[in-house]
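Subject: The two-chain model, with notes

Hi there,

Here is the structure I promised to pass on. Have a look at it first, and then read on for what I found.

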Amino acid sequence: MGKRRINNNIRTLRFFQNEMTQQQLAEKVGVTRQTIIAIEKGNYSPSLELAFRIALVFGAPLEEVFSYDLEE
Amino acid sequence: MSFQEKNVTVSLVNFILILGFYLIRVFQMIQGGSFNSTNVFRLWGIVIALAVLVTIFATILTHVVSAVIQAIKTKEEPRLEDIQDERDKLIDLRGTKVTYFVSSIGGFLSMLTFVLGQPPLVMFSLLIFFGVVAQIIGDISRLYLYRRGF
């Protein structure tokens with residue numbers, strides 16, 4: 001099995017949610033803005049619960065927010 | 001920089017200062033010929049008391065100063081940024097693991113001084129030295145994880 005990493009579309013989804021800021025998203029899911037920045041950059045993989053909370057904010061299924069892709 | 005990062009930075013600076021103070025005092029004792037159990041154990045007490053008190057006051061000060069800076073910057077009512085989310089907790093756990101690891105190695109090395117025929121005072125001096133160094137390395141690893149992510 002090839003090496004995989006967790007990617008996300010949070011930046012794009014934020015843009016389509018009336019250009020929601022990182023701070024607003026952080027407040028909605030109960031984490032710090034630094035954690036949202038780290039997730040967006042792919043530096044931190046959130047817990048399953050946080051991933052579901054983020055997906056709930058965007059009203060999208062989990063697979064639309066996060067994907068588990070093969071590393072290039 | 002998040003509140004947690006500021007807190008870790010302040011703790012790091014505190015422990016570097018405490019280590020500096022400890023080393024200066026130990027060298028002064030060695031040079032002055034007053035390296036005896038009474039002075040070493042008094043220094044132990046001072047270092048531990050300093051570590052506890054300075055950490056508490058520094059945390060309060062960091063809270064107050066960051067609230068004031070935030071209020072000036074945003075012109076909003078200051079709010080306490082004391083939430084510790086899952087990433088903060090993970091970083092803290094990893095930092096604690098590093099601290100314990102360095103502290104265990106330090107404890108082992110301190111015990112080795114007995115094998116080398118050194119008096120117990122040397123062991124006790126090294127024990128507190130490695131305790132403070134372990135805290136410093138733990139804080140550095142926390143800052144590294146905050147910057148690099150994991």
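How many helices and strands are there in chain B? Chain B has four helices and zero strands, where helices (H or I, at least four residues) and strands (E, at least two) are DSSP runs numbered from the N terminus. Before going further, please keep in mind that this is a predicted model, in which local features need pLDDT of at least 70, side-chain atom pairs count only at pLDDT 80 or more, and totals for chains, interfaces and linings use all residues. Residues are numbered from 1 along each chain as its sequence is written, while chains are lettered from A and ligands numbered from 1 in the order in which they are written.

Chain B as a whole

Read from the N terminus, the elements of chain B are α-α-α-α. The C-alpha atoms of chain B fill a box of roughly 60 × 30 × 15 Å along the principal axes. The radius of gyration of chain B is 19 Å, whereas a compact globule of 150 residues would have one near 15 Å; this radius is taken over C-alpha atoms, and the globule rule is 2.2 Å times the number of residues to the power 0.38. Of the 150 residues in chain B, 22% count as buried. A residue is buried if 20 or more other C-beta atoms lie within 10 Å of its own, exposed if 12 or fewer, and partly exposed in between, with C-beta atoms placed from the backbone.

Two residues are in contact if their C-beta atoms, placed from the backbone, lie within 7 Å. Among the contacts in chain B with a separation of 6 or more, 77% are between residues 24 or more positions apart.

A helix pair in chain B

Helix H2 (residues 37–74) of chain B packs with helix H4 (residues 120–148) of chain B at an angle of about 15 degrees, and their axes are 10 Å apart. That makes H2(B) roughly parallel to H4(B). Axes here are lines fitted to C-alpha atoms, for helices over the stretch in contact, and angles run from 0 to 180 degrees between N-to-C directions. Angles under 35 degrees count as roughly parallel, over 145 as roughly antiparallel, 65 to 115 as roughly perpendicular and the rest as oblique.

On the H2(B) side, Ser37(B), Val40(B), Trp44(B) and Val47(B) meet Leu121(B), Phe124(B), Ser125(B) and Ile128(B) of H4(B). By class, this contact of H2(B) with H4(B) has six nonpolar, two polar and no charged residues. For these classes, Ala, Val, Leu, Ile, Met, Phe, Trp, Tyr, Cys and Pro count as nonpolar, Asp, Glu, Lys and Arg as charged, and the others, Gly among them, as polar.

Val47(B) has 19 C-beta neighbours inside 10 Å and so counts as partly exposed. Leaving out residues up to four places away in sequence, Val47(B) touches Ile18(B), Tyr22(B) and Ile128(B).

Chain A

Chain A contains five helices and two strands, and from the N terminus on its elements run β-α-α-α-α-α-β. The radius of gyration of chain A is 12 Å, close to the 11 Å of the globule rule for 72 residues, so chain A is as compact as a globular protein of that length. The C-alpha atoms of chain A fill a box of roughly 35 × 20 × 20 Å, taken along the principal axes. Buried residues make up 21% of the 72 residues in chain A.

The axes of helix H2 (residues 22–29) of chain A and helix H4 (residues 48–58) of chain A come within 10 Å and cross at roughly 120 degrees. H2(A) and H4(A) are therefore oblique to each other. Leu25(A), Lys28(A) and Val29(A) of H2(A) make the contact with Leu50(A), Arg53(A), Ile54(A) and Val57(A) of H4(A). That contact of H2(A) with H4(A) has five nonpolar, no polar and two charged residues.

Asn18(A) lies in the loop between helix H1 (10–16) and H2 of chain A. Although Asn18(A) is not a glycine, it has a positive phi of about 55 degrees.

Where the chains meet

The contact takes 11 residues from chain A and seven residues from chain B. On the side of chain B that touches chain A, the residues divide into two nonpolar, two polar and three charged.

Best wishes
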